[in-house]
Each structure stands twice: as C-alpha cells, then as structure tokens.
Amino acid sequence: MSQPDEKKAFGLLAEFETPKALYLACEKVRDAGYKKWDAHSPFPVHGLDKAMGLKPSVLPWIVAVMAVIGGVGGFFLQVWINVSAYPQVISAKPYVSWPAFVPVTFELTVLLSAFGAVFGMFGLNKLPQLYHSLFESDRFARVTDDKFFISIEADDPQFGTQATKELLSQAGAVHIEEVQS
Amino acid sequence: MDNTIDPEVGRAPLVLGGESFHSVTETVCAPVEWKETPKAWWAVLFLSSLLLGVLGVSIGYLFWEGVGIWGLSQPVSWAWDITNFVFWVGIGHAGTLISAILFLFRQKWRTSVNRFAEAMTIFAVMCAGIYPAIHVGRVWLLYWVFPLPNQMDAWPNFRSPLLWDVFAVSTYLTVSALFWYVGLVPDLATLRDRAKGKIQKIAYGIASLGWRGSNRHWQHYEKAYLILAGLSTPLVLSVHTIVSFDFAVSQLPGWHTTIFPPYFVAGAIFSGFAMVINLMIIARWLFKLENLVTMRHFENMAKVILLTGSIVGYAYAMEFFVAWYSNNPYELFAFVNRMTGPYWWAYWSMVVCNVVIPQLFWFKKVRTSLFWLFVISVFVNIGMWFERFVIIVTSLHRDFLPSSWMYFRPTIWDISTFLGTWGVFFFMFCLFVRFLPMVAISEVKGVMPEASPHHDDKEGAHA
C-alpha cells in the first residue's frame with residue numbers, strides 16, 4: 001500500500017428485509033454480470049445458489065478421495081499387520097481373513113470421509129477467517145439474526161459506486177452503505 | 001394451538017406462537033445471555049459436581065486396587081462395567097438418529113430438537129467411553145488397543161470384536177462431535193454478533209471462525225451437512241451393531257445369536273428417545289421453549305418409542321422362540337434361566353418397562369400428555385438398563401459347570417461409578433445449556449414458512 005492512511009473501499013453492502021427480496025435481488029445482480037459479490041443470510045435460502053449462478057460444490061469429490069484413502073488404507077493396514085508386521089494364527093483363520101477386517105475398514109472410511117467433509121468445507125470457505133471488512137458495518141451484525149444482505153466488492157470489473165448503488169436500490173435494497181477495508 | 005393434527009390442506013406449523021426470525025433468536029439466546037444465573041442451575045451444577053467427585057474417587061480407588069473392587073468374579077467377569085457402557089452408548093443413538101436419519105428423511109420437525117439431542121449423544125458417548133477404558137485392569141496399557149508402533153513390535157488383534165468396538169466408538173464420538181460443531185458455527189456467530197462482554201465477544205468470535213452467513217459458504221456448508229448426515233446414518237447403525245458383536249461373536253448361549261445387531265440398534269434408539277423426552281421436557285419448561293419444541297415434537301418421539309419398543313418386544317419373543325426351535329439344550333437353558341432363574345426379577349422388570357408400559361403410547365391422550373411422556377420415558381430408561389444387565393449377567397452367571405455358578409451382586413463401587421457417570425452427563429449438560437444455543441437457530445428459521453423465497457407468491461406457494 002502506497003498510502004497506508006488512506007482507507008480503501010471494500011465495496012457496497014445492501015440490506016434486504018426478506019428472503020424473497022434477497023432472492024430477486026440476487027437474480028438481478030447475477031444478470032448484470034457481477035462476479036465478485038456475495039449474498040448473506042441468517043440461514044441458507046432455498047434456491048439462492050441458482051439465483052446467484054453458483055457452480056455446484058466440489059466438496060463431494062474431496063469426500064470421495066478421503067473415503068478411498070480411509071477404506072483402502074484401513075484395509076491394508078490390517079492386512080499388513082496380520083501378514084507382515086505381527087502374523088498370528090487366531091482361531092485357525094488365514095492371515096488375510098478379510099471378513100473380520102470389514103468393521104474397522106468401514107469405520108476408518110467413515111472417519112476419513114467425515115474429516116474430508118468438515119475440513120474440506122472449512123477449507124473451501126477459507127475459514128477460519130476471524131476478520132472481514134464486512135464486520136466493519138454495524139448493520140451487518142444482524143445478518144446472523146433476521147436481515148439479508150448483498151455485498152459487491154469494489155474489485156469487481158463491473159463495479160462503479162454510483163451505477164452499482166443504483167442497481168442495488170432498484171433491486172429493492174432498503175439500505176445501502178459503502179464499506180471500507 | 002394443537003399442531004399434532006395436520007390441517008386438511010398443507011402441514012401444521014412447526015413453530016408456534018407467531019414467532020419471527022428475530023424472536024427465535026431472542027428465545028434461544030436468552031439462557032445464554034442471562035444477566036444472573038438462576039439458582040436452579042447452580043444447584044444442578046453443584047450436585048453433578050459432587051457426583052463427578054464420586055466418580056473421581058471411584059476411579060482412583062479402582063486404579064489403586066484393581067477391578068476386584070467391583071462385584072466381579074468367575075464366571076461373571078463382566079457385569080456393570082459393560083452394562084453401563086452399552087446403556088450409555090445406546091442413549092447416544094437417538095441424537096444421531098434425529099440429526100442424521102431424520103435429516104435424510106426430510107423430517108423438518110427435527111430442527112427444534114436436534115442440537116439438544118446431539119449434545120446428549122456426545123455426553124452419553126463420553127460417559128460410555130469411560131467404562132471400557134477403566135475396566136481393562138492395567139489401565140496404563142490402554143494404548144495397546146490402538147495400532148501404534150511400539151518397542152515390543154506387537155500389534156492389536158483385528159479379528160476381535162472388542163477391537164472393532166474401539167474403532168466404532170471412537171469414530172462415533174469424533175464424527176458426532178464434528179457434526180455438532182458444524183451445526184453450531186452459524187449459531188455461534190449469532191451469539192458473537194449479540195455479545196456484550198469482551199470475553200464473550202472473543203470466545204464466540206473464535207469459536208464461530210468468522211462465519212458471515214455468506215451464501216458462497218452456505219453452499220459448501222449445506223453439502224457438508226448432507227454428507228455428514230449420510231455418513232452418520234450407516235455409522236450409527238454400525239456402532240451398536242459392533243457393540244452387539246461383543247456378545248454375538250462369542251459362543252456363549254444367550255449371546256451367540258444373529259438377531260443381536262438389529263435388536264440392539266432398535267433398543268438403542270428406543271432408550272435414546274426416552275432420554276431425549278425426559279431432558280427436553282425439563283429444558284423446555286425451564287428455558288421457555290414451548291413455541292419451538294411443541295407437542296408435535298413429543299408426539300413424534302413417542303411414536304418412535306412405540307415402534308422401537310415393539311421391535312424390542314418382538315426380539316425378546318423371537319430370541320426365546322429360536323432358543324426352543326434350535327433344540328439346543330444349552331441355548332434353551334440360558335433363556336429359561338433368564339425368565340425363571342435367580343434373576344427372574346430383572347427379566348420381568350425389563351419386559352414390563354420395555355414391552356408393556358410403552359404400549360400406552362397407542363393412546364393419543366398419553367402421547368400428548370407431558371406427565372405420561374415423562375413417566376413412561378423414565379420406565380423405558382430403567383427397562384433398557386435392565387435389558388443390558390439381563391443379557392450380560394444372566395448369560396454368564398450359570399456357565400457350563402454347575403459347581404462354578406454364582407449370583408452376582410454389585411458392590412458399592414459398582415454403584416458409585418455408575419452414579420458418577422451421571423455426574424459427567426449432567427455436568428456437561430449444565431455447561432451446554434448455559435453457554436451454547438440449545439436449539440439450532442439457523443435451522444429452525446430455515447423451516448419457518450417465511451424462510452421460503454416464494455413465501456408471498458400467490459401461485460405455487462409451497463410454504
């Protein structure tokens with residue numbers, strides 16, 4: 001930053017009263033061609049992904065990879081232990097008595113898949129991120145209560161303070177503010 | 001308003017009393033934001049801390065002296081320790097059923113009770129985990145159950161159901177805790193945004209990871225939630241299946257039966273729902289959650305108890321039938337001995353509590369009366385404790401050699417350890433209701449009719 005004192009604009013934050021207003025506004029912002037923007041709501045609003053034009057989440061693929069690692073790794077851990085590391089004959093069963101290995105294989109598949117789902121989700125969301133410019137707005141505190149917001153970043157090539165403000169107010173925003181970063 | 005009957009068109013509301021998004025936040029956050037903690041909370045915390053102390057002393061003495069302080073001997077070398085383990089794990093299962101299986105079945109009423117039930121799961125599994133850890137005798141060698149490289153070059157026996165149990169229960173605890181935490185993050189953000197004090201702001205701020213309700217986040221979040229529900233469903237079924245393998249894979253008459261896995265899972269859900277009802281009736285009254293946790297919720301849970309109780313009753317009958325039909329004298333003896341032997345009182349307590357009393361739930365008047373819901377649920381919990389006791393002790397106490405038969409009696413240390421785990425359970429619950437939102441705020445808002453983006457549409461409204 002060349003001038004550390006000067007505050008840089010993060011973008012605009014528009015407030016909406018209902019999920020319906022948010023939904024309709026998202027469609028307008030999407031159709032206007034914005035890319036670096038987001039909707040914020042106290043709960044996931046049904047169909048908002050489509051209204052925002054988001055691609056499907058890649059999370060299932062992360063989970064699938066983790067499931068394979070857990071399953072294959074879990075099974076061969078047991079095979080390796082029973083065949084090579086510590087071979088013992090128990091109940092006259094072969095070393096690789098695979099039916100006995102099913103429960104642990106299953107549990108490790110589930111365990112690693114769950115790690116993939118949870119930590120993959122946080123990773124894709126870039127969380128934890130304890131500070132965000134939007135937290136500078138006092139009104140934004142109600143996003144976890146009963147208000148709905150759209151934020152459009154100043155970095156978006158489409159962004160122009162006046163034009164974007166107009167778009168948002170036409171889309172039904174009840175309050176629009178500029179957020180500094 | 002009675003929301004136990006669906007209207008002729010559409011569905012009965014899940015949230016009553018004309019609550020708005022904001023009032024839901026207020027209702028749920030109220031106990032967390034109390035200016036003054038009520039005396040009742042301190043009283044429960046104090047009592048559970050006492051029991052926690054009892055547990056500490058019991059375990060300390062156990063480590064000093066060994067498992068001989070319990071009433072164990074040969075042939076009953078396994079009694080209250082494993083009874084209580086199965087009892088607590090079973091209670092946990094209702095939480096996962098509500099959070100995962102009902103989620104997959106799109107049972108939206110679950111949203112008011114799932115946070116509470118999941119908390120119960122985690123605390124119950126914590127209580128359960130104590131028993132296998134302390135009953136191994138040489139507790140300092142407990143790490144042998146994990147596949148860790150060690151100086152003896154020895155590895156665990158992966159053909160043993162007891163080892164499967166280690167993996168099942170620890171996976172269950174881990175996944176349940178993760179699932180619970182993922183659900184908590186948006187609600188912790190609500191508490192963060194409402195926090196007044198500095199400590200609260202920092203604590204809830206860190207715990208909520210900087211959640212800002214972003215829809216780009218919700219998208220991955222909802223997918224993760226769905227996947228976790230999909231993973232937890234087979235997981236919860238596998239856990240009690242594997243717990244039942246502890247018995248079914250052995251060759252003891254009374255244990256060696258293929259009916260055990262489904263019968264144990266049904267019993268677990270049965271006892272867990274009873275515990276949810278008991279705790280929820282108290283919490284709903286103390287924390288004024290009547291609009292969120294309605295009679296419909298209780299009625300639905302009573303129906304699950306009726307179903308699973310009947311499955312359990314069927315299993316008791318089928319076990320006995322197969323023992324007779326198998327023509328195996330040892331098997332038949334084990335079951336006749338259960339009913340008419342020295343532990344007849346335990347067997348018949350179990351049958352009355354688990355099979356007979358829950359049948360009262362056929363009556364709607366009983367299903368919708370908080371008093372009867374509470375009383376019957378207490379009976380179910382007692383009955384399910386007896387079920388595990390009966391299965392374990394009556395199968396062991398008269399083995400193949402009549403000269404070694406014995407009558408197991410618990411010692412004071414058996415009883416104190418069991419009471420102590422109730423201390424753990426209630427202590428954790430006290431902290432939970434005081435510091436965390438006990439109803440899933442964002443999920444409840446999501447099932448309210450006004451949450452739909454098509455709420456006011458004239459045509460095609462599907463609230």
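**How chains A and B meet, and what the cut-offs say**

The contact (heavy atoms within 4.5 Å) takes 60 residues from chain B and 72 residues from chain A. This is a predicted model, where local features need pLDDT of at least 70, side-chain atom pairs count only at pLDDT 80 or more, and totals for chains, interfaces and linings use all residues. Residues are numbered from 1 along each chain as written, chains are lettered from A and ligands numbered from 1 in the order written, and side-chain values use heavy atoms, with hydrogens and water left out.

Me: What is the area buried between chain B and chain A?

Reply: About 5700 Å², with carbon and sulfur atoms giving 67% of that. Buried area here is the accessible area (1.4 Å probe) that two parts lose on being put together, summed over both.

Me: Why is B:Lys445 with A:Asp145 called a salt bridge?
Reply: The rule asks for a side-chain nitrogen of Lys or Arg within 4 Å of a carboxyl oxygen of Asp or Glu. For B:Lys445 and A:Asp145 the closest N and O atoms are 4.0 Å apart, and the pair is listed as a salt bridge.

Me: Which helix gives the largest share of the side of chain B that touches chain A?
Reply: Helix 7 of chain B, with 17 residues. Helices are DSSP runs (H or I, at least four residues), strands likewise (E, at least two), numbered from the N terminus.

Me: How do you know that the span of helix 7 of chain B agrees with its 34 residues?
Reply: The expected span is 1.5 Å times one less than the number of residues. For helix 7 of chain B that should come to 50 Å, and the end C-alpha atoms are 48 Å apart, so the two agree.

Me: What makes helix 7 of chain B mostly covered?
Reply: Of its 34 residues, 26 are buried. Buried means under 20% relative accessible area, exposed over 50%, partly exposed in between (1.4 Å probe, protein chains only).

Me: Why is B:Ser377 called buried?
Reply: Because its relative accessible area is 0%, it falls under the buried cut-off. B:Ser377 sits in helix 13 (residues 370-397) of chain B. Leaving aside neighbours within four places in sequence, B:Ser377 touches B:Ala274, B:Ile277, B:Asn278 and B:Ile305.

Me: What covers the buried residues of helix 1 of chain A?
Reply: The cover includes strand 1 (9-16) and helix 5 (161-170) of chain A, together with helix 1 of chain B. Among the buried residues of helix 1 of chain A are A:Leu22, A:Tyr23 and A:Val29.
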